[in-house]
Amino acid sequence: MNGVHDMGGMTAFGPVSPEPDEPRFHSPWEARVLALSLAMGATDRWNIDATRHARETLPPAQYLSLSYYQVRLDGLIKQLLANGLIDEAELQSGKASKASAPITPLKAADVDKVLARGTPYARPSPAPARFRLGQQVRARNIHVSGHTRLPRYVRGRIGEIVRVHGAFVFPDSNAHGRGEDPRWLYTVAFTTAELWGKNDNAVVNLDLWEPYLETP
Amino acid sequence: MAGRDHDGNHDDDHDHGLSGMALKVKALESLLIDKGYVDPAALDRFIETYEKNIGPRNGAKVVARAWRDPAYKTWLLEDATAAIASLGFTGRQGEHMVALENTEAVHNMVVCTLCSCYPWPVLGLPPVWYKSAPYRSRTVIDPRGVLAEFGVILPESTAIRLWDSTAEIRYLVIPLKPRNSDHLSEDRLAALVTRDSMIGTGLALPADSLS
């Protein structure tokens with residue numbers, strides 16, 4: 001989906017404003033949003049790709065005007081509703097009025113273990129790699145309707161494979177409940193001359209899955 | 001997301017009760033507890049962990065070790081996930097790590113244009129600016145301009161390598177070791193490693209900045 005979350009190359013947002021001695025959270029509710037989304041994520045009702053898609057399909061004007069934790073909250077509510085874990089009436093009242101889904105909540109004693117384990121995304125290779133280190137590739141000029149991690153600013157551009165990572169869960173499939181469908185993942189280096197038509201002695205590296213790439 | 005990311009949702013908890021955002025979050029938390037989906041003690045534990053245990057001092061230890069120990073640096077550059085795990089830092093949003101070494105000739109800098117991917121086990125939660133539209137959008141098209149907004153001016157001859165975190169690989173920059181710092185202990189060196197220097201939007205502090 002070509003959405004507003006795909007921001008690479010836009011120049012209209014003004015300067016970056018680093019905040020000296022920034023606190024971890026700017027309000028207590030931000031911390032609760034983080035914790036709620038991590039705790040619900042730990043119940044394995046959805047995966048990180050589905051979560052990213054829930055956030056990036058918020059209405060564009062809403063997405064741009066919300067803070068990070070507001071996006072996180074609205075994405076979580078969307079996933080809770082879409083997965084039937086809560087309904088609108090419950091959301092309004094703040095009280096359970098329907099039977100709950102069979103979920104065992106994550107216990108405090110297991111939090112450190114869950115965080116330390118994480119969720120590895122590397123998988124056994126389904127087939128030999130199509131591309132090799134040093135090879136020139138073109139990012140395909142494709143515009144999928146669902147979730148994708150191929151930013152618009154590299155589509156149609158030629159780069160070089162600089163790292164071969166092995167097979168990883170493919171977000172375009174995993175976000176939509178179509179399985180992990182592991183594909184080879186490469187780091188592809190694009191010069192800024194190729195991307196932006198200028199030579200400022202810079203390259204941009206992106207991690208791109210094999211279905212995003214073709215032989216130029 | 002808005003450039004001034006947290007504007008508009010500053011809570012005035014102390015002025016007139018809970019803000020709209022605080023009420024909305026509290027209502028959702030109550031509902032999820034009522035449904036039996038979350039344990040409030042687990043929520044507290046998540047917050048405590050990211051407030052106290054997981055932050056950029058973890059990454060600073062990795063960098064200081066790499067500065068002091070060439071064998072460790074070699075390992076870090078070849079297999080960052082394992083080398084970082086050997087210091088006890090693993091897991092969520094750092095499952096697949098890659099370390100990038102800054103030199104006089106090459107400056108690495110990390111961004112996530114599509115969302116806000118960031119190496120949590122070594123750097124903690126990302127700062128607001130990293131998640132903001134200005135950084136996400138302009139870094140890949142105007143890296144030197146963005147660096148200047150952080151007060152970092154690099155010579156034209158220094159090549160810039162940007163890393164857009166589009167997959168589950170997470171990047172840690174090893175900043176250039178400050179001059180005249182060979183005599184410093186690992187702990188003292190770690191004190192020179194700033195969060196921004198490990199993202200690539202800053203440099204390590206000079207050796208004489210230690211009191």
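Two strands pair if DSSP finds at least two bridges between them. That rule is needed below. The model is predicted.

**Exercise 1. Find how strand S5 of chain A is joined to strand S3 of chain B, and name the partner of Val203(A).**

Solution. 
- Step 1: Locate the strands. S5(A) covers residues 202–209. S3 of chain B covers 159–164.
- Step 2: Count the bridges. Five of them join S5(A) to S3(B).
- Step 3: Apply the rule. Pairing needs at least two bridges. Five bridges are found here, and the strands run parallel.
- Step 4: Pick out one bridge. Val203(A) has Arg161(B) as its partner in S3(B).

**Exercise 2. Describe what else S3(B) is joined to within chain B.**

Solution. 
- Step 1: Look at S2(B). Six bridges join S2(B) to S3(B), and these strands run parallel.
- Step 2: Check burial in S2(B), residues 106–111. Five of its six residues are buried, so S2(B) is largely enclosed by the rest of the structure.

**Exercise 3. Work out which parts of chain B touch chain A, and what classes of residue they present.**

Solution. 
- Step 1: Count the residues. On the chain B side there are 75, in contact with 79 residues of chain A.
- Step 2: List the elements. Helices H2 (20–34), H3, H8 (128–131), H9 (133–138) and H10 (143–149) of chain B each supply at least two residues, and so does strand S3 of chain B.
- Step 3: Sort by class. The chain B side divides into 37 nonpolar, 16 polar and 22 charged residues.

**Exercise 4. Describe the crossing of helix H1 of chain A and helix H3 of chain B.**

Solution. 
- Step 1: The crossing of H1(A) and H3(B) is right-handed.
- Step 2: Name the residues. H1(A) contributes Ala31(A), Arg32(A), Leu34(A), Ala35(A), Leu36(A), Leu38(A) and Ala39(A). H3(B) contributes Ala42(B), Leu43(B), Phe46(B), Ile47(B) and Tyr50(B).
- Step 3: Sort this contact by class. Eleven residues are nonpolar, none is polar and one is charged.

**Exercise 5. Summarise chain A and its two domains.**

Solution. 
- Step 1: Count the elements. Chain A has eight helices and six strands. Their order along the sequence is α-α-α-α-α-α-β-β-β-α-β-α-β-β.
- Step 2: Size the chain. Its C-alpha atoms fill a box of roughly 55 × 45 × 35 Å along the principal axes.
- Step 3: Check burial. Of the 216 residues in chain A, 39% are buried.
- Step 4: Domain 1 of chain A is 28–117 and domain 2 is 122–214. Their C-alpha centres are separated by 29 Å.
- Step 5: Inspect their contact. Five residues of domain 1 of chain A are in contact with four of domain 2. The domain 1 side has one nonpolar, two polar and two charged residues.

**Exercise 6. Is Lys198(A) buried or exposed?**

Solution. 
- Step 1: Lys198(A) sits in the loop between helix H8 (192–196) and S5 of chain A.
- Step 2: Count its surroundings. Lys198(A) has 11 other C-beta atoms within 10 Å.
- Step 3: Compare with the cut-off. A residue with 12 or fewer counts as exposed. Lys198(A) is therefore exposed.
- Step 4: Find its contacts. Neighbours within four places in sequence aside, Lys198(A) is in contact with Thr192(A) and Ala193(A).

How values were computed: Residues numbered from 1 in each chain as written. Chains lettered and ligands numbered in written order. Predicted model: local features only at pLDDT ≥ 70, side-chain atom pairs only at ≥ 80, totals over all residues. Axes fitted to C-alpha atoms, helices over the stretch in contact; angles between N-to-C directions. Helix = DSSP H or I, 4+ residues; strand = E, 2+ residues; numbered from the N terminus. Left-handed = near helix turned anticlockwise from the far one by under 90°. Contact = placed C-beta atoms within 7 Å. Nonpolar A, V, L, I, M, F, W, Y, C, P; charged D, E, K, R; others polar. Domains from an automatic or database assignment. Buried ≥ 20, exposed ≤ 12 C-beta atoms within 10 Å, placed from the backbone.
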